[in-house]
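My notes are below the model.

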Amino acid sequence: MDIPRKERRVPSGRPAAAPWWAPGRDGRADVLLGEVGDLYHHHYGLGPYDPSVLDEPPETRDQRIVDELHRLETAQADALLDRLGDIRPEDRLLDAGSGRGGTSFMAHERFGCRVDGVSLSDHQVDFSNHQSLERGCRGQVCFHHRNMLNTGFPDGFYRAVWTNETTMYVELTALFSEFSRLLPLGGRYVCVTGCANDAHGRRSPAVARIDHHYICGVHSRGDYFQALAASGLAPAEVVDLTPQAIPYWELRAHSPVRTGIEEAFLTAYAEGGFQYLLIAADRV
Ligand code: SAM
């Protein structure tokens, strides 16, 4: 499945090949992990894991590992939300590429404000809107089947916008130009993403394996800053989360939800050719 990078990007509609989140393809891992605490994440985790989970007896070991992975994924979303700034209940937030809505629900619980999520996957949108109903926040947390490159929401509508592991599916200049339009002056954009480390030199084969596995196109670190600057988004904080990201992959490699891609992530991080980055930028 060797799809040229450009064709994998989504200029204005659906991707050329069915991505991993298409019905029947999205990760058994994410669904299993979401069943823990009823919060569904389609992103990776941050922070150290409790090593005692690996010493559990066989009958409880798998579940303890799954619980621990879920805890680290929730910690990752908390790290993103920590960077949104001073959000008030009357503000409005956008989760661009919202998956099954885990980060959106956490944002609503933390800030008490209205959150919109957009996803290209209609079954994810149905799933997360159903979760909104079950959680009793249907009027406050709403998911829409829309393209984040062209959301149709009004100019300056959002106090803050975030992308949690979604930027590798689209072209960055088009994406950041849309976010710049959606934010008022001083509005905040937060991005958490894996990126190729262009200071490392040649693109690592392990990064190519990640692209191939997820049918995406990992951008380089430099691409992010060029595209942000071109859209009037000025970085206020940049954090290399790589050291905090590695334990998650080590634990996942021992888990019942491993998919085989764990080794590519661990290799790419260890070689220095790949980084897990958080960027918080202001609309200027
Ligand atoms: N942000 C979510 C999370 O942290 O759980 C989901 C991340 S998942 C890796 C990538 C998401 O990006 C999927 O929900 C997919 O539908 C969405 N996506 C990719 N391209 C998109 C686009 N052009 N417009 C809207 N959503 C998109």
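These entries cover salt bridges and then one loop arginine.

The model is predicted, so I kept in mind that local features need pLDDT of at least 70, side-chain atom pairs count only at pLDDT 80 or more, and totals for chains, interfaces and linings use all residues. Residues are numbered from 1 along each chain as its sequence is written, and side-chain values use heavy atoms, with hydrogens and water left out.

Salt bridges. I took a side-chain nitrogen of Lys or Arg within 4 Å of a carboxyl oxygen of Asp or Glu, and got 16 salt bridges. One of them joins arginine 110 to aspartate 82, with 2.8 Å between the closest N and O atoms. Arginine 110 sits in helix α4 (residues 102-111) and aspartate 82 in helix α3 (residues 58-82), so the pair ties together parts 28 residues apart in sequence. I read helices as DSSP runs (H or I, at least four residues) and strands likewise (E, at least two), numbered from the N terminus.

I also looked up arginine 83, which bridges to glutamate 237 at 3.2 Å between the closest N and O atoms. Arginine 83 is in the loop between α3 and β1 (92-96) and glutamate 237 in strand β6 (residues 233-240), so this pair ties together parts 154 residues apart in sequence.

Burial. Buried is under 20% relative accessible area, exposed over 50%, partly exposed in between (1.4 Å probe, protein chains only). Arginine 83 is buried at 19%, while glutamate 237 is partly exposed at 33%.

Loop arginine. I found arginine 258 between α9 (242-252) and α10 (262-271); at 48% it is partly exposed.
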